[in-house]
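Hello! Here is the structure I promised to pass on to you. Have a look at it first, and then read my notes below.

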Amino acid sequence: MSRHDTSDLIFRRTLAVFPISILILVAGILFQLVYSSLPSLSKFGLGFLLNSTWDPVAENFGALPFIFGTCVTSFVALLLAVPIGVGVAIYLAEYAPPQVARVVSLLVDLLAAIPSVIYGLWGIFVLVPYMRNTLQPFLGKYFGFLPFFQGPNYGVGILAASIMLAIIIIPFIISVSREVILAVPQVYKESAYALGATRWEAMSNIVLSHGKVGILGAVILALGRAIGEVMAVTMIIGNNVVITPSLFSPGYTLASVIANEFAEADSNLYLSALIEIGLVLFLVSIIVNILARILIWSVTKGNSAEGVR
Amino acid sequence: MKEMIQKAFDRTRLQREIWDKTMVAVLFLCALGVLFILFNILWHLIVEGISSLNFDFFIHLPKAVGEKGGGMANAIWGTLILLVLAVCVGVPIGLGTGVYLSEYAHYRFAYVVRFMTDVMNGIPSIVFGIFAYTVCVLPMKTFSALSGGFALGLMMIPMITRTSEQFVKMVPGQLREAGLALGIPQWRVILDVILPSAIGGIMTGVMVALARVAGETAPLLFTAFGNRYFSHSLTQPIAALPLQVFDYAISPFDDWHRQAWAGAVVLIVMVFLINIWAQYFVSSRKRWSTGK
């Protein structure tokens with residue numbers, strides 16, 4: 001018996017190396033990011049986040065234009081993606097015939113599996129010409145009095161990147177909100193029907209108000225995806241360090257400046273400024289993810305959060 | 001609630017029915033819009049990609065900058081190498097953690113580890129690239145296949161951990177007890193009884209994780225870096241299909257755009273095939289559990 005105990009103990013200790021290595025890894029990533037951005041941290045301090053200059057030649061670095069770009073693109077993307085995504089989720093969960101719902105969910109999963117570089121390719125050759133020739137002239141003509149739709153029309157820019165992001169996060173919003181909606185007890189809906197509610201009344205008043213916390217979780221999770229999305233945005237946002245209200249203007253995001261400039265950063269300070277941007281990205285996405293998971297967990301009792309990549 | 005009832009009283013039944021039907025129509029249009037985008041992407045991939053695909057694409061190296069013709073044989077090869085390296089990093093850590101969490105872990109420790117894998121899952125891919133750059137590229141003083149595979153492997157860990165924990169937990173308790181009752185030590189039960197039973201599900205998890213990292217570009221930008229030639233050395237920069245698609249897509253040459261579409265088709269077919277292969281393991285696991 002004791003021979004078993006020893007061999008078991010050895011096996012158990014050996015196996016414990018793996019989970020501990022995960023803890024070390026996460027801590028190591030944080031440590032490396034902080035350590036490698038020390039030159040920039042010590043030179044610019046917190047002002048890094050509020051400085052709007054990004055001048056590699058003069059070695060004056062500030063992340064504000066990128067923070068601005070990430071905020072604007074994510075916000076516009078959510079504005080577009082949330083109503084559509086939740087709408088499709090409601091349609092799939094409530095209205096669509098079961099076979100249709102199954103096929104559509106499968107196709108939505110397909111949409112989620114497309115690599116982001118392919119979204120970017122499609123963005124360059126299909127979305128951007130469409131923006132340049134159709135959508136942006138239209139917006140400029142009829143809504144040009146708004147500051148968002150003024151300025152030269154390049155096709156590439158903040159609006160194109162926002163629409164791209166919306167397309168990328170819609171599948172996540174659909175699949176998580178669908179699970180949240182399906183998790184609402186059937187009895188609630190049935191009692192609403194019994195009171196003479198139409199399906200939409202039952203949906204909007206009962207199901208959505210019951211599931212709103214979970215859907216909020218889905219939205220925040222999608223926000224995390226949008227903030228961390230690199231390739232598709234980098235390929236069509238135009239890469240221009242600027243802070244402007246115009247959505248037509250080319251811009252830059254936190255993730256895309258790293259993707260574009262990291263390999264060509266020639267000085268130590270330049271590199272550490274880019275790594276500090278990575279640190280900002282890391283911290284923001286951790287906060288966003290923790291928030292989203294708490295919300296989703298509180299609704300589905302931990303069953304579904306793992307269905308989300 | 002009160003407002004809802006008040007609203008319902010204010011309208012006639014017909015008005016409410018019309019409103020209901022309108023909303024259904026709007027929701028239906030949303031679904032149609034999403035499907036339209038998907039089919040638009042696939043349509044362009046098929047039209048632009050398949051017409052540019054030819055045999056040369058699979059067996060030739062890229063031609064000199066601006067020259068017509070050539071292929072991406074080196075990139076396909078490089079992606080395969082990177083995926084093998086990623087599996088070497090991701091599978092042992094992911095699987096080991098999954099088994100430990102399900103079989104041994106104290107609940108508080110398990111909670112912490114699960115939380116950390118969730119955190120890892122949310123880290124943007126480019127941050128893994130930076131991490132691999134600081135721990136592999138800087139000390140080795142060169143971009144390399146190793147660092148690229150390392151970055152991709154790290155991204156696989158959270159997904160593999162979750163699925164393997166789940167599937168190991170699903171193995172019926174009787175199997176475990178039967179093994180222990182025979183006097184077999186627990187670690188032999190885990191290795192000889194539980195893992196073989198859960199292997200289908202675990203393989204599915206691995207394949208799904210692999211499909212996800214196969215299309216990743218961002219972590220490779222400054223780790224694997226890309227290479228215009230075949231590379232068989234793990235300590236040299238290596239080409240990868242997503243990287244090459246990216247480079248060609250943002251280039252100014254028409255012929256390179258054509259090849260970017262072709263590369264995209266190959267990449268997406270690869271991703272979909274791995275996903276379908278993953279489903280095969282799930283179904284074989286189901287056969288096992290219904291067959292008992």
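The largest nonpolar core has 195 residues, and those touching the most other members are Met164(A), Ile169(A), Ile173(A), Ala222(A), Ile236(A) and Leu210(B). A nonpolar core here means a set of buried Ala, Val, Leu, Ile, Met, Phe, Trp, Tyr and Cys residues joined through C-beta atoms within 7 Å. Buried means that 20 or more other C-beta atoms lie within 10 Å of a residue's own (exposed is 12 or fewer, partly exposed is in between, and C-beta atoms are placed from the backbone). Helix H6 (residues 158-182) of chain A gives the most to this core, 18 residues. Helices (H or I, at least four residues) and strands (E, at least two) are DSSP runs, numbered from the N terminus. Because domain 1 (2-52) and domain 2 (58-291) of chain B both supply residues, the core lies between them; these bounds come from an automatic or database domain assignment.

Please keep in mind that this is a predicted model: local features need pLDDT of at least 70 and side-chain atom pairs count only at pLDDT 80 or more, while totals for chains, interfaces and linings use all residues. Residues are numbered from 1 along each chain as its sequence is written, and chains are lettered from A and ligands numbered from 1 in the order in which they are written.

Now for how the chains meet. In all, 66 residues of chain A are in contact with 69 residues of chain B, where contact means C-beta atoms, placed from the backbone, within 7 Å. On the chain A side, helix H1 (residues 2-36) brings the largest share, 18 residues. That side divides into 45 nonpolar, 14 polar and seven charged residues. Here Ala, Val, Leu, Ile, Met, Phe, Trp, Tyr, Cys and Pro count as nonpolar, Asp, Glu, Lys and Arg as charged, and the others, Gly among them, as polar.

Chain A itself has eleven helices and two strands, and 50% of its 309 residues count as buried. One of its residues to look up is Leu221(A), in helix H8 (residues 199-228). Leu221(A) counts as buried because it has 25 C-beta neighbours inside 10 Å.

23 of the 26 residues of H7(B) are buried, so to speak mostly covered. H7(B) also bends by about 30° at Ile157(B), with a proline, Pro158(B), following within four residues. The bend is the angle between axes fitted to the seven residues ending at a residue and the seven starting there.

Happy exploring!

Key. Two residues are in contact if their C-beta atoms, placed from the backbone, lie within 7 Å.
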